[in-house]
Amino acid sequence: MPISFLKMAVLGGAALAALPIIIHILSRRRFRVTAWAAMEFLLEAVRQNARRLMIQDILLMLLRVLIIVLLALALARPVLTGAVLGVFGGTAEVGALIILDDSYSMRYRTPAGSLFERAKSRARDVIRSLPPGSTAAVVTANEEATVQAQPTFDLALASDLIGELQPSWRGSNLAASLAAAPPLLERMAKPRREVFIITDAQRRAFPTEQAALTELLGPMTSVAVPYLLRIAPGLTENVSIDRVELLSELPTTAEPVEFSATITNRGPVPQRQVAVELFVDGAKVDTTEVDLGGFAEAERSQGAVLRAGLQRPGLHRVEVRLLGDRLEADDRRCLALRAYDRLPVLVVDGESGDRLFDGEVDYLAFALSPVDPETGEVVSAVQTRVIRPFQLPQENLSAYGAVILANVPALPAPVVAALEEYVGRGGGLMLFLGDQVDADAYNRDLYRDGEGLLPGQLGEPFGSGDPAAGDAVGFSASGLTHPILDLFADPDSVGLTTLQVWRAFSLTVPEGASGRVLWRYTNGQVAMAQRTFGRGRVLLMTTTADAEWTNLPHKSAFLPLAHRSVYYLIRSGQEAWSLAPGEPIVLTVEVADLERVVEVRSYESYDRPGGQVDEVKPELTDQGPRLLYPRTTKAGFYQLRRRGDAEPLALYAVNVDTAESDLTGYGAVELEELFAGFPLRVLSEENALAEEVRRSRRGRELWRWFLAAVVGLALLETFLGRVFAPKE
Amino acid sequence: MPRLPEYLDPKVLAKMDRLDLLARFVVEGYLGGTHRSPYHGFAVEFAEHREYAPGDEIKHIDWRVYGRTERYYIKQYQTETNFTCHLLLDASESMRYAHDDLSKLHYAKCMAACLAYLILAQQDRVAVGVFDQALRTYLEPSGRKGHLGRIVEQLDVEAGERKTDIGQILNQFAERIGKRGIVILLSDLFDQPEHIAEGIQHMRFAGHEIIIFQVLDHYEWTFPFEGMWRFLGLEEYPELLVRPRDLRASYLQALVAFNRSLQEVCNRNRTDLIPVDTDQSLDLVLTSYLARREKYAGR
């Protein structure tokens, strides 16, 4: 008759059984003393009673010890398991934890319904199979574990709750859910605890190393019996859109914008003439086809180029879509895009001059926003606003696509913090240096030992600063693959060899850090470096933006360099509008917005707008006024608009991680092999769950019996205590 | 200075050194005029008859004479003079016991002083003996003025470390006292009942009257201890660690059995046995006993 205990730790309480003995011994040590004359009568009394008193004492003490031992045993919840007959027989109450894989691969449609519907049906089978008095808890498992139902006796409620569950848009990671299991199991103190993992058993969901499996399953299998219920998708056909990118340097209303989409065949069967469609703001604007016909790995993934003319400036919902297959979650991909007719760029002039082209940024501003000499109109979408450094604290940086600092002296801490916030949220920052720059202050405030905005640490300037001194250096022509610089790869096309720099700061970009050298001078010193900071990018030129240290502003190369740099920075901002499911929206807003309600409209896809509108009020956080919106659980678009405004405030695209699109799963035999070292039963859908599981649910809790014995003994002790008590 | 009634409180008695003063206070101030000596009724002889007159007590009418003469005559008695009372005080180790400040010995000494004063006041003679296993001191009988002072000096003893042997002492005294007298024994009587019986019989055979005051502490009468106690036995008894509550009934039973056997011995020998609790006030003990004797004598 194997007996186990549900609350093993409480067993230690049995040690308290020594208490009556200790009290007895202590009471004999604590006595008072008196001389006594009438000893003859006392001795006579002792002679008459000693034996009786000793037997009474021992009897009462034994009863008290037994009461404490039995109480400790009752509280430790003893369970009789195994096939025991007689009064102890019966079906054990079960604490069942259901871990339901709700990653988006479970949306895969099959003739018998989606994998998730099948999994829910299986989960309800589990609930139905539970003996009366059992408890159940439900956890959904995607990249994170979410407790959908805390341990409850209300099994009907748990079953209804399972019925209402919807699959998520996230990938799967059963490790996270298994790690969440032990605390829940701990709360389900039942003679038998069971864990049901219901999943399509994608390979990517399980760790394959035995050590990792042991770490995950070990704590669970020590307290519960685990079952894995495999929901097999059968033949998996799936084509996914892995990426959608903007090909054009700057999306403007002036000319068509190009997008590239990467389409991958995830299934074993070749897919030919797969139609790829482009939608902008819900309207189909372009269509093409890709052929994923081959079996070779290289032929399974193809790019498609699609075009759209954007009629108006502002935010646009761009969506690439395939004709639906069995897993629609990865058949569309969203891109939030801002089209420009004017691109605001903030240029901070660190050393303004009195005459044209004397100022630090005159060349730069002119290059970014050139004026047609005949019409006098700005012919670029880039609209520069030039300010002095002291005006920086008053600027709302989020209104600009990029910020350029040229030869700006040391910045006060609030401005540095605002810049970090701006870049961290996806803004673009470009820095030119010069004689106003204090390298120590830059390193202290902006480099911060690699934690700040700068891609490297500034050193001493090199070069005489005199173009006539003969120590000028040129720009290196090697390794120019970066999108900003690839046009310099042909040295003759933009006159790279004519460029000269006679003074610049040396810059050390540490290996392995997030900084990256893009361009070097011919003497090997760094000319241009970049780093990714948060969601944004920072570009650093080690020389001046004007002609004081270099002849670059005088050369034709300066114009494409300035434009490409700005577009590159802008693009980082647009990429910041792409989120993973569940990743919260954090938007910097104006102080005035604190009083306004912002509507968040979610578009699940172009043809199913969802219609859900949430209202959010921006909050004042430590970092300033922010709009926080955490409910981005669904893939699709989220448009933010101040109530009453015509124009949206921001647009975010939420896309699935297509690693989940590879539906390759473990077969039943492979799972048996994977879990060979663990007491985990793998059940397929064909197994009759109830019979499989019920057979092993024999057992009964004994605490009631022990408690009854405690009460009985306590009554007996009271009764005997009264009987033994001296009569007055 | 405490007022008289307060002297009779056992707690005050315990601190009272001047036994002569105490005796005077108690007898004159408290008992005075209401009682006669404890041996009244024994130590009297018939004198004559006289005719009944209003105011006489009816109980003194001689009904036999009335039967013969049909007239009421009163029996007149006369107290015998020069009677000797022997006060025997037990000062064995067991008399040392006190649950508070007042030991049995001290209480017995106070009683002895009071009785001595009372007897001397009626011009009778008093002798005092202090004993434990043997007679420790003895003061010859006298009825003179100033004898009380010597008695008090005689009573000024501490409890010894020896056991008591009452039978032996009574035997010795029975032979020692020549003339018939009254022996008043003040003791806890912690001795074998058969030894005590032997002594009493010897006394009675010699024609002496015996009055026994059995002086026990209130705790010895009631055994009210709670919790665990270690009892250090006096008079060569061993130590004992017990929970008294468990033994109370048996203890009291043993005490009652002992006293019953004593009482039987005393009844057989026409001896007064007066149990005394040291928590009782002294005057109450004496008053109630003297009242009893008077009633007995008047019958």
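In the predicted model, helix H7 of chain B, spanning residues 166-176, has a set of buried residues: B:Ile166, B:Gly167, B:Ile169, B:Leu170, B:Asn171, B:Phe173 and B:Ala174.

Chain B as a whole contains 11 helices and 10 strands. Of its 299 residues, 52% count as buried. Among the contacts in chain B with a separation of 6 or more, 73% are accounted for by residues 24 or more positions apart. A pair of residues brought together in space is provided by B:Arg270 and B:Arg204, which are 66 residues apart in sequence, while their C-alpha atoms are 8.5 Å apart. B:Arg270 is placed in the loop between helix H10 (244-268) and strand E10 (272-277) of chain B. Because its relative accessibility is 55%, B:Arg270 counts as exposed, the cut-off being over 50%.

Aromatic residues were examined next. Over all chains, the structure holds 26 aromatic pairs. One of them joins B:Phe223 and B:Phe225, with ring centres 5.4 Å apart and an angle of 75° between the planes, an edge-to-face arrangement. Both B:Phe223 and B:Phe225 are buried. These two residues also belong to one aromatic cluster, which includes residues of chain A and of chain B. From chain A come A:Trp36 and A:Phe41. From chain B come B:Tyr97, B:Phe190, B:Tyr219, B:Phe223, B:Phe225, B:Trp229, B:Phe231, B:Tyr251 and B:Phe258.

The charged end of A:Arg317 sits over the ring of A:Tyr603, at 3.9 Å from the ring centre. In a further case, A:Arg503 lies over the face of A:Trp549, and the distance to the ring centre is 5.3 Å.

Chain A comprises 13 helices and 36 strands. Of the 728 residues of chain A, 52% count as buried. When contacts in chain A between residues at least 6 apart in sequence are considered, 74% of them join residues at least 24 apart.

Within chain A, helix H3 (residues 115-129) packs with helix H4 (residues 155-164) at an angle of about 175°, and their axes are 9 Å apart. H3(A) is therefore roughly antiparallel to H4(A), as angles over 145 degrees are classed in this way. On the side of H3(A), the residues involved are A:Lys120, A:Ala123, A:Arg124 and A:Ile127. These meet A:Leu155, A:Ala158, A:Ser159, A:Ile162, A:Gly163 and A:Glu164 in H4(A). Sorted by class, the contact between H3(A) and H4(A) has 5 nonpolar, 2 polar and 3 charged residues.

Two loop residues of chain A were also considered for their backbone angles. A:Asn407 has a phi near 50°, a positive value in a residue other than glycine. The loop that holds A:Asn407 runs between strand E20 (402-406) and helix H8 (413-424) of chain A. A:Asn407 counts as buried because its relative accessibility is 0%. For A:Asp449, phi is near 55°, again a positive value in a residue other than glycine. A:Asp449 is located in the loop between helix H9 (439-447) and strand E22 (457-462) of chain A. With a relative accessible area of 69%, A:Asp449 is exposed, whereas A:Asn407 is buried.

Key: Residues numbered from 1 in each chain as written. Chains lettered and ligands numbered in written order. Predicted model: local features only at pLDDT ≥ 70, side-chain atom pairs only at ≥ 80, totals over all residues. Heavy atoms only, no water. Axes fitted to C-alpha atoms, helices over the stretch in contact; angles between N-to-C directions. Helix = DSSP H or I, 4+ residues; strand = E, 2+ residues; numbered from the N terminus. Parallel < 35°, antiparallel > 145°, perpendicular 65-115°, else oblique. Contact = heavy atoms within 4.5 Å. Nonpolar A, V, L, I, M, F, W, Y, C, P; charged D, E, K, R; others polar. Phe/Tyr/Trp six-rings, centres within 6.5 Å; stacked < 30°, edge-to-face > 60°. Buried < 20%, exposed > 50% of the residue type's maximum accessible area, 1.4 Å probe, protein only. Lys NZ or Arg CZ within 6 Å of the ring centre and 35° of its normal.
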